[in-house]
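Student: I'd like a close look at a single part here, please. Could you walk me through it in one go?

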Amino acid sequence: LEKLRGIEKEVVAQYDLLQRLENKMVEDPNMPKEPYMPTFVRYEYIKSNLISHTKRLEGIVKEHEDYLKQFNETTDFLRKLRTELERFSDTTHSQKSQVENKLLEMSGFSDSCSQADGLLKGTKELASVVVQNATSVDGKDAISQECHQLQFELDTLSALLKDQQKS
């Protein structure tokens, strides 16, 4: 993207040369215009092409950044959820009141799991947009694997929560 922007700046900088040539053509009516007209047309074509490619690439980069941000938020949320669930893993030798307190606290985790599910759905939606615009098979595979890993992590946490509530 940065290289494309650099090329775009160079093309825009060439405008001065074309402007001087156009001024010369206006000042000197005897100067033939036909040999230079394709140059003006070609310049405009190149400039508009570069601008459209830059805008398209900026959109793709923004989609990737949005996906990465959502992916990181989901990963962090799942990590925190796992840490909190593991806190309740040792209830086998606790007193009845401690177990009841932990069960009450764990009831809030089902809400957290549904929140994690919402985050995961958002991540998958952004991933599908990115995959549509991805240029390589490797990139598509990597994003697909990341989403599968998040789904696996959420399924594991849900199973862990159910096991914790049973014991």
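Student: Is Tyr15 buried, partly exposed or exposed, and what is its relative accessible area?

Tutor: Happy to, and please keep in mind that this is a predicted model. Tyr15 has a relative accessible area of 39%, so it is partly exposed; the cut-offs are under 20% for buried and over 50% for exposed. Let's look at its ring next. A search of the whole structure turns up two aromatic pairs. In one of them, the ring centres of Tyr15 and Tyr43 lie 6.2 Å apart with their planes at 35°, so this pair is tilted. Because Tyr15 belongs to helix H2 (residues 15-27) and Tyr43 to helix H3, the pair ties together parts that are 28 residues apart in sequence. Tyr43 has a relative accessible area of 9%, so this residue is buried.

The axis of helix H1 (residues 2-13) comes within 10 Å of the axis of helix H3 (residues 37-87), and the two cross at roughly 155°. That angle makes H1 roughly antiparallel to H3, since angles over 145 degrees count that way. The crossing of H1 past H3 is left-handed. On the H1 side, the contact is made by Leu4, Arg5, Ile7, Glu8, Val11 and Val12. Tyr43 takes part from H3, along with Ile46, Lys47, Leu50, Ile51, His53, Thr54, Leu57 and Glu58. Sorted by class, the contact of H1 with H3 has nine nonpolar, four charged and two polar residues.

Key: Residues are numbered from 1 along each chain as its sequence is written. This is a predicted model: local features need pLDDT of at least 70, side-chain atom pairs count only at pLDDT 80 or more; totals for chains, interfaces and linings use all residues. Side-chain values use heavy atoms; hydrogens and water are left out. Axes are lines fitted to C-alpha atoms, for helices over the stretch in contact, and angles run from 0 to 180 degrees between N-to-C directions. Helices (H or I, at least four residues) and strands (E, at least two) are DSSP runs, numbered from the N terminus. Angles under 35 degrees count as roughly parallel, over 145 as roughly antiparallel, 65 to 115 as roughly perpendicular and the rest as oblique. A crossing is left-handed if the near helix is turned anticlockwise from the far one by less than a right angle, and right-handed if clockwise. Contact means heavy atoms within 4.5 Å. Ala, Val, Leu, Ile, Met, Phe, Trp, Tyr, Cys and Pro count as nonpolar, Asp, Glu, Lys and Arg as charged, and the others, Gly among them, as polar. Rings of Phe, Tyr and Trp (its six-membered ring) pair if their centres lie within 6.5 Å; planes under 30 degrees apart count as stacked, over 60 as edge-to-face and the rest as tilted. Buried means under 20% relative accessible area, exposed over 50%, partly exposed in between (1.4 Å probe, protein chains only).
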